[in-house]
Each structure stands twice: as C-alpha cells, then as structure tokens.
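Please keep the sequence and the structure in view while reading.

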Amino acid sequence: MQRGKKLRSVTRTRFTKAVNVLDSELSKTNADLDVIKNKFSKLNDIDFKLKELDQMLDHMMVADVEEDTLNCEIEIAEHHFDTFITLERKHSRFKAGRISIEDAPRQGRPKFQRTDENVQKITDLIKENPRTTLLEIEQDTGISKTTIGKIVTKDLKLKKTPAKCIPRFLTNEQNLCRLATCEDMFKMTRTDPEWKDKIITGDETWVYGYDPETKRQSAEWRGQGEPSPKKSRILKSRNKVLLVAFLDNKGIVHREYLPAGQTVIKEMYLSILRRLREAIRKRRPEKWTNGDWILHHDNARPHIEHLVTSFLAKNGTEILPQSPYSPDIAPNDFFLFPKLKAVLKGRHFDTREDIIEKSLLALKSISKEAYKNCFENWEKRSR
C-alpha cells in the first residue's frame, strides 16, 4: 500500500505543477492561443483524470485485492502518468510557437507494409529470381526485411529449399525410355494381378569393410548449450566384396559373392544366370514348373551382351527392362542394398570373411513382409 500512496503523491504533484504552469502561460498568450486551447481540448480533462486517479488509489488502499489486480491497476496509473508527460512535451512545443496539434509530416516507411500491392511486388521478384534473398528484396522494394519475411512465409506460404544432389540429369532419350518403362510396368500391374509372384529382380553392389555413417545415423541427443557431436571425414575402405543378389516378393532367391579381384563381365554374368536358374528350381519350384517367371535387371553392359541375351532367349526367359540411371524404380537400389548397408555403416571389418559373414546376417534379418512391401512400393513408384 506504501507504493500506492507514493504514486498518488508524486502524480498529484506533477499534475498540479503542470496545471499551474499551463494556466500561467496561457494567460500570457494572445487571442490566437484561444484557438489552440479549443483544439487541444484534452487538457480540459486533467481535473477529471485527477479525480479518477484519486478514486483508483483510494480503492487500492482500502480494498482487499489480490496482488495481480493491484499490479494491473498500478500499471493503469503509470499509463496516465506517462500520458501527462506527453502533454507536457506538447505544451513546451506550443510555447515555442507551434499552433497545430496534428503530427508533422515525416519521411520513412508506412506503418502498414503487408499490403496486396507489396505482396504482388515480392511475388514478381521471387518468380523472376527464385534464388533472391530477403536483403536483395529489401533493397529493391524498400520494404523492411522483417515484413518481407512475414509476407513470404505467411502470405505466400513459401520456404527456401536447397537443391537436391542427384547423380546426373537424364537426357531426352533417357527420359522417354524411363516413361516407356513405367508405362509397361503400369500395364502389367493392370492386366496381370499375379505379376508380383512372377518377377525376379537382381543387381550388384560393393560391400565395404568400412562404410562411414550418414549424417542422420551419427546424430545424437544433446542438451541446450551442449556442443554438437563431431566426426572426421573418412573415406570408404579399399577392403570390399562384390555382392550379386536376386530377390522376389518372398525374399532372396539367389545371392553370391564374387572372388577377390573379379568383376561382372559377360562370361561371369552368364555363369551367375545359370546358378540363378538352379536356385529357382530348388527354392521356387512353382515358378520353375510354370516357366512364366520374369527377369528384371538393369541395362549394364554385361547384362545386354549378345552372349547373355542369346542364353535368356534360348531358355524362354522374359525380360522386364530397367530404364537407365533410375535407381528409384529398381527394388535392389531403393530397398535391398540400402537396408543392407544401413546395418553395416560405421562398423569395421578387417577381412573379407568378416564382411561376408556380417552382410549375410543383415540379409537374413530382413523380414518377408518387408519384401512384400517392397514390391507394393515399386508399383507406386512406377506410376
């Protein structure tokens, strides 16, 4: 309550002093000041504000109010006090010769800048140069950077997205080939409801003795203010094994690791296909009996050599083509190999035998349901 008494005393003193000064000065002015006094009619409310403030302070001292209510009323009183200080400043300006109570014209930005006209200006600048920055837009339009940010994010619903790195851009011919492949895939899914049970898809990949973790895999939970984790730039190891794998919607049909120093050439791939046929006969007898299974592989040079295509044609094996540079619609590339390597990343394997052992465990850990979902996802990706 002492705070309320002190505030009332100070406020009454300031109001009284100001009224006395104002009355003495106004009495000395000429007839023109009477016009000013009429325009500045708010000064006539000073006595009313004093009475209102007295009632409020009396209520603060007498009433048993909670602390939050008391603080709120004190803020209201301080607001009246600040308002009167503003009146004092205006009085000093009138004393210096000012005769208008309106704000003088001034240079600067308008109070409201999020107008339809400014939104359209910013939209045109972004369409002209999608890489432009907020600072550049501010320099071109004169609109504040904060307002530009609100227009871009709230009005235009835009966000700046970095470009995604891809291996390469497809040529027109490659795009047409991709389109034709997806159309063939789409027709097959519509005309043959059992297509998922017929396809066997295969590819090759390197499995490394050490493959660095991805940025997401190396992320750690840290508290606020704690330093972020660090890791050095490490390249893939030279110790590696070449894996060839064929799968269907039930799991791995055939897989083998090539001997050290051996790569896939036409003779090697031909022998792999012979072993694949034998694996189908043993592990997928229903496919072998019907003889209507379809082989899906990419257009790598060993896969399209005459020696290989002649062998497949001789055995009546139907080929489902794969468009070039399109790993996003190849099950081995978007499903099997990433799933295999995600388990092995960040781990060290010293010998070739260790690589083979751990990669086999990773392959066996993939569920049959995951293979089934892979083919459903393949169908969606090809649309």
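The axis of a helix is a line fitted to C-alpha atoms over the stretch in contact, and angles between axes run from 0 to 180 degrees between N-to-C directions. The model described here is predicted. Its protein chain contains 14 helices and five strands.

**The chain as a whole**

- Of the 383 residues in the protein chain, 35% are buried.

**Helices α12 and α14**

- Helix α12 spans residues 331-344 and helix α14 spans residues 368-381; their axes are 10 Å apart and form an angle of about 145 degrees.
- The crossing of these two helices, α12 and α14, is right-handed.
- On the α12 side the contact is made by P331, F334, F335, L336 and K339, while α14 contributes A370, Y371, C374, N377, W378 and R381.
- Eight residues of this contact are nonpolar, one is polar and two are charged.

**Helices α9 and α11**

- Helix α9 (residues 266-283) and helix α11 (residues 306-314) have axes that come within 9 Å and cross at roughly 20 degrees.
- Angles under 35 degrees count as roughly parallel, and α9 and α11 are therefore roughly parallel to each other.
- The crossing of α9 and α11 is right-handed.
- K266, Y269, L270, L273, R274 and R277 of α9 meet L307, V308, F311 and L312 of α11.
- This contact of α9 with α11 comprises seven nonpolar, no polar and three charged residues.

Notes:
Residues are numbered from 1 along each chain as its sequence is written. This is a predicted model: local features need pLDDT of at least 70, side-chain atom pairs count only at pLDDT 80 or more; totals for chains, interfaces and linings use all residues. Side-chain values use heavy atoms; hydrogens and water are left out. Helices (H or I, at least four residues) and strands (E, at least two) are DSSP runs, numbered from the N terminus. A crossing is left-handed if the near helix is turned anticlockwise from the far one by less than a right angle, and right-handed if clockwise. Contact means heavy atoms within 4.5 Å. Ala, Val, Leu, Ile, Met, Phe, Trp, Tyr, Cys and Pro count as nonpolar, Asp, Glu, Lys and Arg as charged, and the others, Gly among them, as polar. Angles under 35 degrees count as roughly parallel, over 145 as roughly antiparallel, 65 to 115 as roughly perpendicular and the rest as oblique. Buried means under 20% relative accessible area, exposed over 50%, partly exposed in between (1.4 Å probe, protein chains only).
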